[in-house]
Each structure stands twice: as C-alpha cells, then as structure tokens.
Amino acid sequence: MDAMDFPTPDATVESISPEALKARIDDGEDVTLLDARMASDYEEWRIDGENVESINVPYFEFLDEEIDGDVLASIPDDEHVTVLCAKGGASEFVAGALADRGYDVDHLAEGMNGWASIYEAHEVAAYDGFGTLLQYQRPSSGCLGYLVYDGDEAAVIDPLRAFTDRYLADAAELGVELTYAFDTHVHADHVSGLRELAAEGVEAVLPAAAADRGVTYTDEVTLASDGDRFAVGDAAIETVFTPGHTTGMTSYLIDDGLLATGDGLFIESVARPDLEEGDDGAPDAARTLYASLQERVLSLPDATLVGGAHYSDAAEPAADGTYTATIGDLKTRMDALSMDEPDFVQLVLADMPPRPPNYEEVIETNLGRNEIDDEEAFTLELGPNNCAASQDALTSD
C-alpha cells in the first residue's frame, strides 16, 4: 500500500528525523517505538536498545474506523510514542489515527529507510599513528568503515556505495584529497563503494586474493598482495592477508596503530566461515580463520587496536564511542582467541546466526556480475549484517 492510499486522519502529527531519534536513544532517554511493519520484517530487523521499548502492531490493524481494543491496550497512553514503518507513509497514518484518540505521538521520517541513512564519524582517540583516524558507523546494520588522513591525503577502508558522496565531502571539508579506497574482501552484507569512488578518481584497492573469486572489474582497481604498503601523507597502510571469513579476506594495518580486520575479527566475536563456500566448506574455512588469527593478528603487539567492519548489539563501545579494542584486551576477554584449533572450530560452527538478507545477490553485485542502480543497492542491503559467528558476544567483562 502506497502512502497515497491511506485515509487521512483528522489530527496532524509531527515527524522526528532519524538523527534526532538516535540522539534521544544515545542520551539514555526512555523511548517507546510502535513499529507498524509486518511481523516478519520486524522480527528480522528493528531498532533496539537498552532504553528502547519496541512494540509491533502492523499498520492494517489501524485501517478500520473502530480499532480493536486489544490493539489500543498494547500501546502506552501515558507516554510519548514514536511510530515507524518502512518508508514513512504507513507510520504517519497510524500516528494520526492514534493522535485522533488522544495519544502523544510522532512518527519517524522516512521510516527504516531513514534510519539506514544515518552514518556517523567518530575519531579513534587511542590511535597513535601518524595522522588522524575516524571510524564510520552505520547503526542500522552495524557497518563500520575507516578514514585516515595525514598531510593533504586521505584513505577510506570498506566504503559503502550508499555513502560515496559522504566520503568525498568529508575529505573536502578536512582539506585533504581522498587518495585511496580499500576493500578488505568481497562483502556479503552491503554493496561496496569501491567502483563508485574509482569513477571519481580515487585509487581503488582490492586484495588480489579477493579478486580471484571472479571479480569482473580488476582493470578498474589496484590489486594488493600481502605486505604491500600504501602511503597516506606520513602514515602507511600495510596489507595483511587474513583469510578465513572468505578466501580473500585481508586486513589493513594503519600505521602500526590499528588493524582494520574487516570481517575476520570483531571486538565482541570472530567471523563466520560459511558465506563463501556454504556449510560444506565452513569447517575448512574455520581452520583457516584460526591460523590467520593466531599467526597474523595475535602476533601483533598487544597495544595494537583492532577495528572490524561490523559491530553487533552485543558490542560495547570504547570510551571514545568507537568500536575498537586492543589486541591485549581481546586476548584477555575473548576465550576463542586462546582455544586450540579443534575447540575453536567447534565454537565457530556451533551457533551461527541466519545469513545476511540477500547475501548471494549482494556478493554477485560486489563481484561485478550484477549491475543495479543506487536505489536498488540501498534496498538490497537493508537489514542486519550477521557476519559474526554468533549473535551473542564471545567476550566477557
């Protein structure tokens, strides 16, 4: 049903921007959300938080002039309620129907699509290499990216296609040129912005091992091998081959200060190993992941920061608001990193969450085999990332 199809309530309701709603949540305000999407969409992906009460009542329950009493009873009438849907049309109608009945309501502008448009940059305060390091955060999916800049140059790691213009604008505002864009691997949960940035004159870098999966646009990118180094001002970005999550998974060591681990290691979990070769190939991939973590990641100094390409609801941010932690801290808090190989493989394979929505089509798009426009790309990647081996944290306090 399109927004134009909804009856017009008598009451006029205000909208709240996605950024304003997130600010309320981040400030610790108690927030009550009425999600008017279908139950299946709600169960797959929704806005959560310790101070968020989320209620799911599909919009069609509000279409009749007489709304069922049980429906109304499920919605608090003594506190402010924000109504949301997929794109903002149904939520405006539902909020108006509730306002007609005396409820204190507003609705989320552009719905979950608007929520997916939030992209925040936080400085990594503990980074001690040359230049300044920012972590990009997309709260709707937990996607993380990195921008390091020094002198008059900058580089972005794991860019999202949806935010191509944002990286260029941020570089311009900082007075630097976006020189490089790096992908850690062929992503399965979001559409990469590598090719779009290459079209804007940025040197796009893809691991050679990732290209071996059948990437069709190798003539548009620089292929990086293990140990290659790229200068960004006085900072250096070194390629560190860390397969396991995928055969081409590669980390980038940013001036010995932070290892951007892609989907190999997160601050609350390790990678899932089944998105490239499926269940049959997962055990071998898990063994490869174990070797990468032990030999390439944990061999770095304990003070080295780790920053993955994702975070989950189970992750706790650092004091600076970034999802980073030192290798020494992760060794202490994540038992998986001190297990022997058989126990590690058993743990990783035991409780993997559902695969990311549309992951096969996302992979085909990132390989260059599936050409889609910007709107299709944005829609394709909506939903949770599910790239970790477990939906629960593998760390302890």
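Hi everyone. Before we start, a word on terms: I call a residue buried when its relative accessible area is under 20%, exposed when it is over 50%, and partly exposed in between. Please also keep in mind that this is a predicted model.

Now for the neighbours of β8. On one side there is β7, residues 132-138, joined to β8 (residues 143-150) by seven bridges in an antiparallel arrangement. Two pairs you can look up are Gln137 opposite Leu144 and Thr132 opposite Tyr149. These two strands make a hairpin with four residues between them, where Gly142 adopts a positive phi near 75°.

On to β9, residues 153-157, which pairs with β8 over five bridges, again in the antiparallel sense. Here Asp150 has Glu153 as its bridge partner. This hairpin has two residues between the strands, and Gly151 in the turn shows a positive phi of about 60°.

Let me come back to β7. How many residues of strand β7 are buried? Seven of the seven, so the strand is largely enclosed by the rest of the structure. Thr132, Leu134, Tyr136 and Arg138 sit on one side, with Leu133, Gln135 and Gln137 on the other, and both faces are covered. The strand also pairs with β6, antiparallel, over four bridges. In that pairing, Gln137 is the partner of Glu120.

So which sheet are we in? Seven strands form an open sheet, ordered β6-β7-β8-β9-β10-β11-β12, with mixed pairing. Its edge strands are β6 (120-123) and β12 (222-224), each of which pairs on one side only. From one strand to the next, the twist averages 25°.

Where does a parallel pair come in? Look at β10 (residues 177-182) and β11 (residues 203-207), which pair in the parallel sense over three bridges. Tyr180 is found opposite Glu203 in β11.

There is another open sheet to show you, this one of six strands: β13-β14-β15-β16-β17-β18, also with mixed pairing. At its edges stand β13 (229-232) and β18 (325-326), each with a single partner strand, so one side of each has no neighbour in the sheet. The partner of β13 is β14 (residues 235-241), antiparallel over four bridges, and there Arg229 has Glu238 in β14 as its bridge partner.

Let's move to the surface. Met38, Phe60 and Leu63 form a nonpolar patch there, with about 240 Å² of accessible area together. Leu63 belongs to the loop between β3 (52-56) and α3 (69-73). Is Leu63 buried or partly exposed? Its relative accessible area is 32%, so Leu63 counts as partly exposed.

Finally, let's zoom out. The protein chain holds 13 helices and 18 strands. Its radius of gyration is 22 Å, close to the 21 Å that the globule rule gives for 397 residues, so the chain is as compact as a globular protein of that length. The C-alpha trace spans about 65 × 45 × 40 Å along its principal axes. Across those 397 residues, 56% count as buried.

Notes:
Residues are numbered from 1 along each chain as its sequence is written. This is a predicted model: local features need pLDDT of at least 70, side-chain atom pairs count only at pLDDT 80 or more; totals for chains, interfaces and linings use all residues. Side-chain values use heavy atoms; hydrogens and water are left out. Two strands pair if DSSP finds at least two bridges between them. Axes are lines fitted to C-alpha atoms, for helices over the stretch in contact, and angles run from 0 to 180 degrees between N-to-C directions. Buried means under 20% relative accessible area, exposed over 50%, partly exposed in between (1.4 Å probe, protein chains only). Patches are made of residues with over 30% relative accessible area and no salt bridge: like charges are joined within 9 Å, nonpolar side chains (Val, Leu, Ile, Met, Phe, Trp, Tyr) within 5 Å. Accessible areas come from the Shrake-Rupley method with a 1.4 Å probe; for residues, only the protein chains shown count as cover. A salt bridge is a side-chain nitrogen of Lys or Arg within 4 Å of a carboxyl oxygen of Asp or Glu. The radius of gyration is taken over C-alpha atoms; the globule rule is 2.2 Å times the number of residues to the power 0.38.
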